[in-house]
Amino acid sequence: MRITSTSCICPVLVCLCFVQRCYGAAHHGSIKVTRNQTRHTEGETEVHHRPKRGWVWNQFFVLEEHMGPDPQYVGKLHSNSDKGDGSVKYILTGEGAGTIFIIDDTTGDIHSTKSLDREQKTHYVLHAQAIDRRTNKPLEPESEFIIKVQDINDNAPKFTDGPYIVTVPEMSEMGTSVLQVTATDADDPTYGNSARVVYSILQGQPYFSVDPKTGVIRTALHNMDREAREHYSVVIQAKDMAGQVGGLSGSTTVNITLTDVNDNPPRFPQKHYQLYVPESAQVGSAVGKIKANDADTGSNADMKYTIINGDGAGVFSISTDKETREGILSLKKPLNYEKKKSYTLNIEGANTHLDFRFSHLGPFKDVTMLKIIVGDVDEPPLFTMPSYLMEVYENAKIGTPVGTVTAQDPDTANSLVRYFIDHNTEEDRYFTIDANTGTIKTAKIFDREETPWYNITVAASEIDNPGLVSHVPVGIRILDVNDNPPELAREYDVVVCENAKPGQVIQTITATDKDNSANGARFHFSLDEGLSLNPNFTLKDNEDNTASILTRRRRYSRTTQDIYYLPILISDGGVPPLSSSSTLTVRVCACERDGRVRTCHAEAFLSSAGLSTGALIAILLCVVILLAIVVLFITLRRSKKEPLIISEEDVRENVVTYDDEGGGEEDTEAFDITALRNPSAAEELKYRRDVRPEVKPAPRHHPSSSLDSINVQEFIKQRLAEADLDPSVPPYDSLQTYAYEGHRSEAGSISSLDSVTTQSDQDYNYLGDWGPEFKKLAELYGEIESERTT
């Protein structure tokens, strides 16, 4: 099968390979030779060739943007098996087959039915096959070929990034690169000159130029000055077909701005200036402005102003306002028209950012002269001092002079001055001032301890012009007098331990005085001399404004007395000296051996003994065991056999044993002691229960009066005789107990009963050194001694 493209066929060759386009030299396609010879259109001469394979394909070409009324002819398919009888059917498949490209299935002619755009699709891939029309069987294998869309110049160049905004420094050298612009053409760059672009400048000459091939824009003049012209609008054109006539073109705008460089020095508009400043101008205030002009902008126009010389350099100062670039003239010292009426200043303005490339255009600074005229104004009175400090004693009488302020009119008129106090605060009402002399006096009685310092403001004005007022601060210190006695610094909680020893320090006290150190720096402590010597405590002055409280005896008892009161006298060293009396409360507390307070309240014996819970449990267990033993012992006694002879009474039972230790000699409630003192208790005859008497003794009768009057010796002799003569007395010795002591003798009782009320000189303090086992006994005798001492 062969393919023929006949867009324009050469009349010399028939069925040869190439045809030439009518408008150019490009090839539309080639043919496939499937037979041994090919005929020319002129003559029948046969050209013999070597037999070739069945399919040898070349590309078909079709023009883009075809606008003709008929479909555009593309080429022809022909099979070696086609005898021209219509038995061969040609089939076309692939991209655009049946829609864009159609084929005559009998002749094999291919046509394009639509206008194609190469910029959208450059080529189409299709498949061709020849089949038997009767059997639908392929006569040859399916083969692939390409139809390429041939370009025409239908797209103008475009600047995709325009318009452009760019800057270039002023005063740049000629040929300085500014920007490179690029235009794109959608046509085929490999075919002809449709996509070959050249650049030219349409607007912006003679300041800028453009390279026709690269599109680089450059400066075309020397020393372009921003101050003369800052903005430029340059129009660049891009044209295809290498700029030939008939080519398509596109343009863009480039906005170029010249940036500033420091090529202009600052200049003062005038060489001489004059400024009026009143003498009443405040120190630190701005009194005037001055400015040097600079044609540059931004940091290139920044400048600094300085006073380089002049007689007013020490009176005035100048600073630079960075926003307005002005020089701000300020006053450093007060002006006085009466002393100096004018000043002269030389002021310099200089750039702070220099570009040494343009130093030949300098110097970048300028100098001007400023004359300052001082104006005369009516000034307020001027005090002789900027502030006053005065003193007055507290408790001074109302109207006591404190001090005097003085002010004068600084003007040449020297007007009279009137004084007054600004009553803006309550403190200003505590003083008065003489309007003519300026003498300040007290208006109340002051207490330094309440307010030690007062601040007032005194004003002075001219009598002729009361509106001109000046002020001065006055500080008044209240001096101290000794009018406050010393007192204890705080409330003291003084504790003394029960086991304290004589001379032990139990508290250190200090005092305070509302007066200042000159009237109360040294305090003296002592006990109140109006009272008798305190047997329990004493006081020691440490001579450092402190005093120590010491014990005077050993042992204190809470049960006897738990609180003591100690009056203390405190005096200061002021003139005249003052004193006060205070009373310390001393509590008696139980303490550990190391002095730590255990408790200050009355408590049970076990608690005072310091027994722990474990010890109490152990004691309880011991008591339970002892009770069990006693019960067991009683049970065993009852199980014994009674004796054969049972006497109604046994004399041995007269011996009574007590196991109750009681509370000592003070305990008189354990039993009735009067029964022991009654002689009639022994009148009744006692018989033994284990011996039966043979003779019943005769009853004895003694009147109560005789018993009361009998003495002890007679009483004992009588009982001895009765015992000797009693026939029922056992043959062994027996013990007779008599509690009757008889009448009180002149020497007093020798019994230990009631001995607690007697006086004794014995010292029981040694009991406290015997250890915790004798602690309770030491406390009891310590209480007795404390009560006796008290």
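## Backbone features in loops

Asparagine 545 is located in the loop that connects strand S38 (537-541) with strand S39 (546-551). In this predicted model, the phi angle of asparagine 545 is near 70 degrees, a positive value in a residue other than glycine. Most residues other than glycine have a negative phi, and most peptide bonds are trans. Asparagine 545 has a relative accessible area of 21%, so the residue is partly exposed.

Methionine 241 also has a positive phi, near 55 degrees. Its place is the loop between strand S16 (231-239) and strand S17 (249-259). With a relative accessibility of 22%, methionine 241 counts as partly exposed.

## Cis peptide bonds

Glycine 162 and proline 163 are joined by a cis peptide bond, with omega at about -5 degrees. Proline 163 belongs to the loop between strand S10 (143-150) and strand S11 (164-169). Another cis peptide bond joins glutamine 205 and proline 206, where omega is about 10 degrees. Proline 206 is found in the loop between strand S13 (198-203) and strand S14 (208-210).

## Aromatic pairs and charges over rings

The structure contains 16 aromatic pairs. One of them is formed by tyrosine 430 and tyrosine 454, whose ring centres are 5.6 Å apart. Their planes meet at 85 degrees, and an angle over 60 degrees counts as edge-to-face, so this pair is edge-to-face. The pair links distant parts of the chain, 24 residues apart: tyrosine 430 is in the loop between strand S29 (417-421) and strand S30 (431-433), whereas tyrosine 454 is in strand S32 (residues 453-462). Tyrosine 454 counts as buried because its relative accessibility is 3%, which is under the 20% limit. Tyr430 and Tyr454 also belong to one aromatic cluster together with Phe431 and Phe446.

Tyrosine 556 and tyrosine 564 form an edge-to-face aromatic pair, at 5.9 Å centre to centre and with 80 degrees between the planes. Both of these tyrosines are buried. The ring of tyrosine 556 also has the charged end of arginine 553 over it, 4.1 Å from its centre. In a further case, lysine 340 lies over the face of tyrosine 343, at 5.2 Å from the ring centre.

## Salt bridges

The model holds 18 salt bridges. Among them, glutamate 326 pairs with lysine 289, and their closest N and O atoms are 3.9 Å apart. Glutamate 326 lies in strand S22 (residues 326-331) and lysine 289 in strand S19 (residues 286-290), so the pair ties together parts that are 37 residues apart in sequence. Lysine 289 is exposed, at 63% relative accessibility.

Arginine 587 forms a salt bridge with aspartate 493, with 3.0 Å between the closest N and O atoms. Arginine 587 lies in strand S41 (residues 579-591), and aspartate 493 in the loop between strand S34 (487-488) and strand S35 (494-497), so this pair ties together parts 94 residues apart in sequence. Arginine 587 is partly exposed at 28% relative accessible area, and aspartate 493 is partly exposed at 48%.

## A nonpolar surface patch

Tyr766, Trp770, Phe774, Leu777 and Leu780 make a nonpolar surface patch of about 430 Å². Tryptophan 770 is found in the loop between helix H5 (712-725) and helix H6 (775-789). Its relative accessible area is 44%, so tryptophan 770 is partly exposed.

Note on methods:
Residues numbered from 1 in each chain as written. Predicted model: local features only at pLDDT ≥ 70, side-chain atom pairs only at ≥ 80, totals over all residues. Heavy atoms only, no water. Patch = residues over 30% accessible without salt bridge, like charges linked within 9 Å, V, L, I, M, F, W, Y side chains within 5 Å. Areas by Shrake-Rupley, 256 points an atom, 1.4 Å probe, with all protein chains shown as cover. Salt bridge = Lys/Arg side-chain N within 4 Å of Asp/Glu carboxyl O. Helix = DSSP H or I, 4+ residues; strand = E, 2+ residues; numbered from the N terminus. Buried < 20%, exposed > 50% of the residue type's maximum accessible area, 1.4 Å probe, protein only. Phe/Tyr/Trp six-rings, centres within 6.5 Å; stacked < 30°, edge-to-face > 60°. Lys NZ or Arg CZ within 6 Å of the ring centre and 35° of its normal.
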